[in-house]
Amino acid sequence: CWLGILCIGLSIFGTRLISMFCVSGIPVFLIPFLAFIEVLSYFFRFVSLSLRLFANILSGHILLETIYIFIFKLTLNNNNNTFLAFFIILVPSFFLIILIIFETIIAVLQSYIFVVLCLIYLKDSLVLH
């Protein structure tokens, strides 16, 4: 996504895309320093977006897998079929179902955030300031 947006900006503006990194209204002696900071922030956008999406999705999967392993261990260690054993297994299973619904909501929110950020990055690439 990021590379495609960069290619679109380069194909439309060519080398004028570099003017995006120069902030207007600053003293001349600060332009190289601020341009360097703007270039770094532009190139690390995709890193921050990727890491944020990866960490949010991976943490949910790790939590779900941990609870699943806990339920699995409970069922293996339970030899008698009493009401208490059924209740002990039912509560974590209910918690697992709630977490799956929660993870689905988080996945929808993460996809929304990804699309909005990609559109913001595309607007920055299409409209020079």
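**Exercise 1.** Is tyrosine 42 buried or exposed?

*Solution.* Tyrosine 42 has a relative accessible area of 4%, so that makes it buried (under 20%; exposed is over 50%, partly exposed in between, with a 1.4 Å probe and protein chains only). Phenylalanine 43, at 35%, is partly exposed.

A quick note: this is a predicted model, where local features need pLDDT of at least 70 and side-chain atom pairs pLDDT 80 or more, while totals for chains, interfaces and linings use all residues. Residues are numbered from 1 along each chain as its sequence is written, and side-chain values use heavy atoms, leaving out hydrogens and water.

**Exercise 2.** How many aromatic pairs are there, counting Phe, Tyr and Trp (six-membered) rings with centres within 6.5 Å?

*Solution.* The count is one. Tyrosine 42 and phenylalanine 43 sit 5.7 Å apart, centre to centre, with 85 degrees between the planes. That's edge-to-face (over 60 degrees; under 30 is stacked, the rest tilted).

**Exercise 3.** Which residues make the contact (heavy atoms within 4.5 Å) of H2 with H3?

*Solution.* From H2, take Ser41, Tyr42 and Phe43; from H3, Arg45, Phe46 and Val47.

How values were computed. Contact means heavy atoms within 4.5 Å. Helices (H or I, at least four residues) and strands (E, at least two) are DSSP runs, numbered from the N terminus.
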